[in-house]
Each structure stands twice: as C-alpha cells, then as structure tokens.
Amino acid sequence: MTELADITGLLLSRIRDVADYPEPGVMFKDITPLLADPAAFTALTDALAGIATNTGATKVVGLEARGFILGAPVAVRADLGFIPVRKAGKLPGATLRQAYDLEYGSAEIEVHAEDLTSADRVLIVDDVLATGGTAEAAIHLIQRAGAQVSGLAVLIELGFLGGRARLEPALAGAPLEALLQV
C-alpha cells in the first residue's frame with residue numbers, strides 16, 4: 001500500500017491545474033509536467049503496464065491523443081501490440097468507425113479493421129475519464145472488431161462527471177482502473 005501511496009503522491013505532484021481552460025469554468029488537468037519528469041512518467045508507465053498484465057491483455061488501445069502518449073510505452077513495457085484509435089478520417093485503408101455523442105454535438109472514432117481479431121483481449125488506455133463518451137465508443141468499436149475488452153485504465157478519473165457509471169454496462173465486468181480520482 002505504501003508503494004501505491006508513493007506513486008499517487010508522485011503523480012499528483014506532477015499534474016498541474018489550469019483554470020478556465022479550454023473554456024471558462026473548466027479546471028483542466030495538465031499532464032505535461034508529469035510527462036516531462038522521467039521518474040513520474042516511468043512510474044505511470046509501470047503502473048499501467050501492471051494493469052495490462054493483470055487483465056490478460058494481448059493488445060493496448062490508446063485513445064487519441066494523450067492515450068497514444070500513455071498507451072504506446074505501456075504496450076512496449078508489457079510486451080504487447082499497440083493500436084491507435086483515431087478521430088475519423090485520420091487512418092488510411094479499411095477502418096471500422098463508431099459515432100458517439102458529445103456534450104455539444106457528436107464525433108466519430110475509428111480503428112484499422114485488421115488490427116484486432118477475435119483472439120485479442122484489449123486494454124484501453126487514456127489520460128482522463130470524464131463523461132465516458134469516447135471510452136464507451138472505443139469499447140463498442142473494439143467489440144465490433146471481434147475483440148474482447150479486458151479493461152480500461154486511466155491516469156485520472158473525474159468522478160463527479162459520472163463516466164464510470166456510464167461505462168460499467170459496456171465493460172460487462174471488465175475492470176475500470178483509475179490511478180487517481182478527483
């Protein structure tokens with residue numbers, strides 16, 4: 001438990017709050033100081049790689065864009081493949097696309113159709129869980145590709161936005177691990 005408390009303290013000390021960004025009333029959690037600190041970034045990567053191993057993942061999916069920054073080193077550390085889930089129109093070739101609603105509008109994400117198979121167990125990695133819309137779309141996209149979601153791991157969960165409750169039905173018992181909760 002002391003090790004987890006040490007990691008939590010280290011991670012929290014490297015996340016900067018930026019008031020009124022990207023719009024008034026929003027408290028943005030800036031992880032760039034954490035990424036700039038090799039000890040903190042290594043501790044984060046190790047913790048997320050441990051989750052990947054514990055869930056039996058065979059691949060790591062990173063959600064655009066900060067999920068790429070976190071997910072790729074996790075995949076390398078856990079000796080797994082890395083699959084980017086991108087905004088629609090950013091991947092060449094055959095893709096699967098999933099639409100989802102945002103607070104003000106809608107968006108679409110996609111993955112290369114051939115990157116996931118029915119033999120894959122996928123850990124989704126992202127920086128922040130807010131309302132859960134993007135993560136829920138990624139879960140459906142992975143399932144449509146025929147793969148199984150082994151879990152979802154995030155650095156920060158903004159619990160007051162209700163993302164966990166939204167995702168639990170889609171996760172169907174797969175774990176949702178948040179290293180930090182605010």
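Modeller: Let's start with a term: a residue is buried under 20% relative accessible area, exposed over 50%, and partly exposed in between. Keep in mind that the model you see is predicted.

Biologist: Okay, let me try that. Is Tyr21 buried, partly exposed or exposed?

Modeller: Tyr21 has 45% relative accessibility, so Tyr21 counts as partly exposed. For the chain as a whole, 43% of the 182 residues count as buried.

Biologist: And where would I find a residue such as Gly173?

Modeller: Look in the loop between helix H6 (163-171) and strand S9 (176-181). With a relative accessibility of 72%, Gly173 counts as exposed.

Biologist: Now the rings. What describes a pair of aromatic rings?

Modeller: Two things: the distance of the centres and the angle of the planes. In one of them, Tyr21 and Phe28, the centres are 5.2 Å apart and the planes stand at 80°, so the pair is edge-to-face. Phe28, at 21% relative accessibility, counts as partly exposed.

Biologist: What about Phe68 and Phe82?

Modeller: Their ring centres are 6.4 Å apart and the planes are at 85°, so that pair is edge-to-face. Phe68 sits in helix H4 (residues 66-77) and Phe82 in strand S4 (residues 81-87), so the pair ties together parts that are 14 residues apart in sequence. Phe68 is partly exposed at 22% relative accessible area, and Phe82 is partly exposed at 26%.

Biologist: Let's zoom out. How many helices and strands does the chain have?

Modeller: Six helices and nine strands. The C-alpha atoms fill a box of roughly 40 × 40 × 30 Å along the principal axes.

Biologist: What share of the contacts joins residues at least 24 apart?

Modeller: Counting contacts between residues at least 6 apart in sequence, 61% join residues at least 24 apart.

Biologist: Last one: what can I say about surface and charge?

Modeller: The accessible surface comes to about 8,900 Å², and 54% of that belongs to carbon and sulfur atoms. The chain has 14 positive and 23 negative charges, and the mean positions of the two groups are 3 Å apart.

How values were computed:
Residues are numbered from 1 along each chain as its sequence is written. This is a predicted model: local features need pLDDT of at least 70, side-chain atom pairs count only at pLDDT 80 or more; totals for chains, interfaces and linings use all residues. Side-chain values use heavy atoms; hydrogens and water are left out. Helices (H or I, at least four residues) and strands (E, at least two) are DSSP runs, numbered from the N terminus. Buried means under 20% relative accessible area, exposed over 50%, partly exposed in between (1.4 Å probe, protein chains only). Contact means heavy atoms within 4.5 Å. Accessible areas come from the Shrake-Rupley method with a 1.4 Å probe; for residues, only the protein chains shown count as cover. Lys and Arg count as positive and Asp and Glu as negative; His and the chain ends are not counted. The place of a charge is taken as NZ of Lys, CZ of Arg, CG of Asp or CD of Glu. Rings of Phe, Tyr and Trp (its six-membered ring) pair if their centres lie within 6.5 Å; planes under 30 degrees apart count as stacked, over 60 as edge-to-face and the rest as tilted.
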